[in-house]
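Please consult the sequence and the structure shown below while reading.

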Amino acid sequence: MKKIHLFILAFILLATSCQRSSSGVDEALSEAAALMEGNHEQAYTILESLDTVALNRRDAARYSLLKSMALDKKYIDLTTDSLIAPAVKYYAHHGSADDKLKTAYYHARILENTGESDSALDMIIRGEQFTKKAEDHLFAGRYYIKKSQLYSDKFEWDKALNASLAAEQHSRMVDDYRGLATALLSCSSNSKILHKDDSAYYYLSQIKPIWNKINDFRKAQYYRNLLTFSLLGSKSDADSIYNECVASDINISNLPYLVFTDYFISKGNSEAAMETLTASISYGQVEPGSKEYELRRYKIEALAGDYQAAYETMSRYYERIEEYEHGILTSDTRILEERINAARKEIAAKYRFWTSMVLLIVIAMLAFAIILRLIKQQRTVHQALDNALIEKQQLEALLENGTQISEDMTDLLSDRIKALNEVIIGRLTLSKNIGNDSTAIIDSLTDDRNGFILGIAMQYSLSHPAFVKHLKSFGLSNWEIGYCCLFIIGMTGKDIAGYVLSSSTTAYGIASKIRQKFGLGPRDTNLSKYVKETFQTFQ
């Protein structure tokens, strides 16, 4: 009997010990959960101190979810679902709606980190059902912000806007001003893209009442949106918006320098534009060499009249664009392969033969498309080289025969001829090695003709400001002024038709539009004579 009593006593002590241990773990997990929003570092420390070997299924699931949350808040991007797997498995059949919602969110974040954006969005959509019963409205708002961002990445602006509106509603329920400002900014941006200007400004106006409750980053985003809308041609005054932003209480490191750069470019102030572009790099708002950076630098250099540097920058910009498009193509191809593999697992054996046939057809079509693309590239490169040669000959003829070409204009023409020579002489072998590099170099050179024409207009605005001002009084754009100046430096209408667009029909259409602005009728003097006579009156 004594042995039996000792056995029962030992069993009770063991059970009590396990219960205390389980209770201690539960208290630690609850403390970590309570600290997660306000002090995630302390929450992470608590989680790290736990012995996870003996956790039961419920505690292991809760631990894996909380640990995933803490790492995400520490900006540590997980690229494997091994940590969150216990939570995914357990909360599929147990737990509250909040547990299920958070698990779906952080599982989607991991999928997003690995580049599986389609799978991440699918996970977010499947988990959305739990928002109806979720009590944590702060997190539900965050959930919809993520949904909006994933839809925006896919250019599905209507769905992104709807998700942002849902995020706004949840954030208002719990006075989550950070989430509310984020949702309102997203609503504003998506509305503007959808050409819903009144809605875009309405959502921005909702930020002012909570101004003192949001951080500098979101205040800067507010001014970034407002100034961007103004530069896109809205009714707002860009000058007053810029001055208000600079005079605001926003820390200097958070000011939206990149949109400041766009503002100064629109004002024609290349020095200030370069200063703000440099500041945007210093404060980590843009990466040097990125397509966003190169595009703005090209505009600044062209504005300053440094056309050689502008040409080189534009070449780098096109390289970044090609890299971006290649990345999208690679991502889309990988996602397509994943979907095909998933579909194969679900298809019964009797359909395998037909699946193989379909795949072969797809491969054949892709191969055919690649061949057609190479042929098109071959033709494009040869045509671009021919156009470059014709352009070089035309400009050289102008230098030899032009009688009204100033010294500055001679330098401009000489620089353009030099750039053409470098490509024609040094890159002729590219026509035998077709690829992105060859087409980018030659296409960017030929496409830069419009920039060259704008450069001519700029040069004449400096050397003959009264003449250019007179042309602007008729409503001519800078490009159209450059077009007219081609007559002055010695080009004929036929020369210009071939030089501008390699399409005389289109070029003559442009000439007709300019004639209308000048008020010239069909039987009045020709455009070349009219422009030259007008130019003489300002000599």
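Helices are DSSP runs of H or I with at least four residues, numbered from the N terminus. The model is a predicted one.

## The cavity between H3 and H5

Across the whole structure, one cavity of 30 Å³ or more is found. The largest cavity holds about 60 Å³ of space. Helix H3 (57-73) and helix H5 (97-113) each contribute at least two residues to its lining, and H5 provides the largest share, four residues.

The lining of the largest cavity consists of Ser68, Leu71, Asp72, Ile76, Asp77, Leu78, Tyr106, Arg109, Ile110 and Asn113. By class, these lining residues comprise five nonpolar, two polar and three charged.

## The largest pocket

The largest pocket contains about 1,400 Å³ of space. Its lining is made up of 36 residues, of which Ser189, Phe217, Gln221, Arg224 and Asn225 are the closest to the centre of the pocket. In terms of class, the lining of this pocket has 15 nonpolar, 13 polar and eight charged residues.

Several helices take part in the lining of the largest pocket. At least two residues each come from H7, helix H9 (177-193), helix H11 (216-231), helix H13 (257-267) and helix H15 (291-303). The largest share, eight residues, belongs to H11.

## Packing of H9 against H11

Two packed helices are described by the angle between their axes and the distance between the axes. For H9 and H11, the axes come within 10 Å and cross at roughly 15 degrees. An angle under 35 degrees counts as roughly parallel, and H9 is therefore roughly parallel to H11. H9 passes H11 in a left-handed crossing.

On the H9 side, the contact is formed by Arg178, Ala181, Thr182, Leu185, Ser188, Ser189 and Lys192, and on the H11 side by Arg218, Gln221, Tyr222, Arg224, Asn225 and Phe229. The contact of H9 with H11 has four nonpolar, five polar and four charged residues. Ser189, Gln221, Arg224 and Asn225 take part in this contact and are also among the residues closest to the centre of the largest pocket.

## Packing of H7 against H8

The axes of helix H7 (residues 137-153) and helix H8 (residues 157-173) come within 8 Å, and their crossing angle is roughly 165 degrees. Because angles over 145 degrees count as roughly antiparallel, H7 is roughly antiparallel to H8. The crossing in which H7 passes H8 is left-handed.

From H7, the residues His137, Ala140, Gly141, Tyr144, Ile145, Lys147, Ser148, Tyr151 and Ser152 meet Trp157, Lys159, Ala160, Ala163, Ser164, Ala166, Ala167, His170, Ser171 and Met173 of H8. The contact of H7 with H8 comprises 10 nonpolar, seven polar and two charged residues.

## Packing of H12 against H13

Helix H12 (residues 238-246) and H13 have axes that come within 11 Å and cross at roughly 140 degrees. The two helices H12 and H13 are therefore oblique to each other. Their crossing is left-handed.

In this contact, Ala238, Asp239, Tyr242, Cys245 and Val246 of H12 face Phe260, Tyr263, Phe264 and Lys267 of H13. The class count for the contact of H12 with H13 is seven nonpolar, no polar and two charged residues. H13 is also one of the helices that each supply at least two residues to the lining of the largest pocket.

Technical notes. Residues are numbered from 1 along each chain as its sequence is written. This is a predicted model: local features need pLDDT of at least 70, side-chain atom pairs count only at pLDDT 80 or more; totals for chains, interfaces and linings use all residues. Side-chain values use heavy atoms; hydrogens and water are left out. Axes are lines fitted to C-alpha atoms, for helices over the stretch in contact, and angles run from 0 to 180 degrees between N-to-C directions. Angles under 35 degrees count as roughly parallel, over 145 as roughly antiparallel, 65 to 115 as roughly perpendicular and the rest as oblique. A crossing is left-handed if the near helix is turned anticlockwise from the far one by less than a right angle, and right-handed if clockwise. Contact means heavy atoms within 4.5 Å. Ala, Val, Leu, Ile, Met, Phe, Trp, Tyr, Cys and Pro count as nonpolar, Asp, Glu, Lys and Arg as charged, and the others, Gly among them, as polar. On a 1 Å grid over the protein atoms alone, a cavity is a set of points where a 1.4 Å probe fits but cannot get out, and a pocket is an open set with protein on both sides within 12 Å along at least five of seven lines; lining residues have an atom within 4 Å of a point. Grid points are joined across faces, edges and corners, and a volume is the space filled by probe spheres set on the points.
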